[in-house]
Amino acid sequence: MTERDQSAGRFITFEGGEGSGKSTTTAALVTSLSASGLSVLATREPGGAPGAEHIRSLLVSGAVDRWDPMAEALLHFAARREHLEHTIRPALEDGTWVVCDRFYDSTMAYQGYGQGLGPVAVRNLQFVALGDFAPDLTIVLDIPPQDGLGREINSDASDETRYGRMGAEFHARVRDGFLAIAAAEPDRCVVIDAAQSLDDVQDAIWQTVSDRLGVTSHGG
Ligand code: TMP
């Protein structure tokens, strides 16, 4: 975990495969943290800054094979660098807590494991792009890919379907990747079973954030 100034905000990331419920649970956590009196910013990747949102549109739609995997990972890190410098770091320095839907673990899981780039290449790119910057807490929402993809198809009316079309074996590797990251970094990562009811998932997330980051008051 990056050592942050006492007055700085905390950086919480949500990770997981397609349809794991990140958007809903991210929004719920932001509401709870705000109700605790904290200044909170919700953001997402790829995106979260003007240049990064442009790069997002190059990644999430179109032909599955439109990018070479290394080029694809570089695009994700280019977007992330913009996001870090223009949005995340300034907010943290202002004392704002930042809750981010996906961060660098998604590149490790999707490009490193899913697209076969491998962990060493992704770790090297991460170091070049971000140095030792890291989340204070990462919540990995785990769901069997077939269940998550089913949810995604039912709810996604946008054309952001490129990763959803990458096939069952790809999504199984992505899930394995997230679980391997969480197992390797237990101080930063907590895995939550996203196949539970939404209430149970949200309770587990709040409990985790309270325990790990010492947020005590809830809802008032
Ligand atoms: P979203 O659907 O969660 O908004 O994310 C868009 C897609 O981008 C999602 O299918 C996962 C993929 N992705 C990667 O492949 N690598 C990354 O580094 C990130 C942030 C997302």
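Arginine 188 is buried, with a relative accessible area of 3%; buried means under 20%, exposed over 50% and partly exposed in between, with a 1.4 Å probe and protein chains only. The model is predicted, so local features need pLDDT of at least 70 and side-chain atom pairs count only at pLDDT 80 or more, while totals for chains, interfaces and linings use all residues. Residues are numbered from 1 along each chain as its sequence is written, and side-chain values use heavy atoms, with hydrogens and water left out.

Arginine 188 lies in the loop between helix H7 (168–184) and strand E5 (189–193). Helices (H or I, at least four residues) and strands (E, at least two) are DSSP runs numbered from the N terminus. The side chain of arginine 188 makes polar contacts with the side chains of threonine 138, at 2.7 Å, and glutamate 185, at 3.1 Å. A polar contact is a pair of N or O atoms within 3.5 Å; within protein, one must be able to donate a hydrogen and the other to accept it, and residues adjacent in sequence count only if both atoms are side-chain atoms. Beyond four places in sequence, the residues in contact with arginine 188 (heavy atoms within 4.5 Å) include Tyr104, Asp105, Leu137 and Arg212.

Leu137 is also touched by threonine 208, as are Val190, Ile192 and Leu213, not counting residues up to four places away in sequence. Threonine 208 is in helix H8 and is buried, with a relative accessible area of 11%.

The largest pocket has a volume of about 740 Å³. Of its 35 lining residues, Glu18, Lys22, Ser23, Arg102 and Glu152 are the closest to the centre. A pocket is an open set of points on a 1 Å grid over the protein atoms alone, where a 1.4 Å probe fits, with protein on both sides within 12 Å along at least five of seven lines; lining residues have an atom within 4 Å of a point. Grid points are joined across faces, edges and corners, and the volume is the space filled by probe spheres set on them.

The ligand is surrounded by 14 residues, the closest being Glu18, Arg56, Arg102, Thr107 and Gln111; a residue is near a molecule if one of its heavy atoms lies within 4 Å of it. Polar side-chain atoms of arginine 80 and threonine 107 lie 3.1 Å and 2.6 Å, respectively, from an oxygen atom of the ligand. In the side chain of glutamine 111, an N or O atom is 2.9 Å from a nitrogen atom of the ligand.
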